[in-house]
Amino acid sequence: MMTPPDLNAVLAEIRACRACAGELAHEPRPVVMVALETRLLICGQAPGRRVHESGAPFTDASGDRLRDWMGVDSETFYGDPSIGVAAQAFCYPGTAAGGGDHPPPRRCAQLWRPRLLEALPEVELTLLVGGHAQAWALADRMKPTMTATVAAWRDYLPDVLPLPHPSWRNTAWLRRNPWFEAEVVPYLRGRVRAMLAS
């Protein structure tokens with residue numbers, strides 16, 4: 001049996017990474033929050049501008065909505081090592097001309113994701129937040145759309161739960177798909193509650 005990579009060493013390398021420095025309009029600032037005890041791993045697409053500025057994941061309105069879906073407060077989200085965040089790309093990719101952020105560059109996940117996941121042996125449930133995260137992690141198991149993938153959430157249990165992005169841009173999506181908050185959110189809250197209690 002192979003020994004998993006040392007998490008502290010992997011995190012030090014991630015935080016020092018400047019692989020995209022020449023392609024970004026700003027200084028890279030990798031944002032990742034995991035521990036050896038992480039059991040619930042949240043995988044979004046990439047930090048937004050506010051997260052880039054704060055250096056902590058989900059310090060924005062999307063984070064407020066995500067924490068509500070999970071049924072946890074900020075103190076628990078940032079203070080309990082059983083909750084971790086590792087997006088597809090660790091650095092803010094910049095804002096696209098038409099609004100919204102650029103998609104996460106694939107290079108980041110290719111460079112870091114396999115090693116980081118190997119260094120997190122306790123992960124029981126991964127939340128795949130948004131279509132980019134779902135496409136990378138699920139590959140050909142992803143349905144034709146993000147909506148179809150989230151609607152088929154039971155197919156990916158018990159170790160993966162696909163979610164829409166909690167951005168304000170998806171408020172209309174949530175209104176059109178009331179089954180998400182009626183079915184998926186209670187399941188998520190129950191899993192999170194059980195993990196935090198055990």
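Helices (H or I, at least four residues) and strands (E, at least two) are taken as DSSP runs and numbered from the N terminus. The structure is a predicted model, in which local features require a pLDDT of at least 70 and side-chain atom pairs count only at pLDDT 80 or more, whereas totals for chains, interfaces and linings use all residues. Residues are numbered from 1 along each chain as its sequence is written, and side-chain values use heavy atoms, with hydrogens and water left out.

Helix 6 spans residues 131-138 and is followed by Ala139, whose phi is positive, near 50°. The buried residues of helix 6 (buried: under 20% relative accessible area, 1.4 Å probe, protein chains only) are Ala133, Gln134 and Leu138. Because these residues cover an arc of only 100° around the axis, they lie on the same side of helix 6; the arc is that of the directions from the helix axis to the C-beta atoms. Their packing partners are strand 1, strand 3, helix 7 (146-151) and strand 4, with contact meaning heavy atoms within 4.5 Å.

The four strands form an open sheet of order 2-1-3-4 with parallel pairing, two strands being paired if DSSP finds at least two bridges between them. Strand 2 (83-85) and strand 4 (160-163) each have a single partner strand, so one side of each is left without a neighbour in the sheet. Neighbouring strands are turned by 20° against each other on average, direction ignored. Strand 1 (residues 40-43) is joined to strand 3 (residues 125-129) by four bridges, and Leu41 has Thr126 as its bridge partner in strand 3.

Helix 9 (residues 179-197) lies across strand 1, strand 2, strand 3 and strand 4, and runs at about 140° to strand 4. Axes are lines fitted to C-alpha atoms, for helices over the stretch in contact, and angles run from 0 to 180 degrees between N-to-C directions.

Conventions. Buried means under 20% relative accessible area, exposed over 50%, partly exposed in between (1.4 Å probe, protein chains only).
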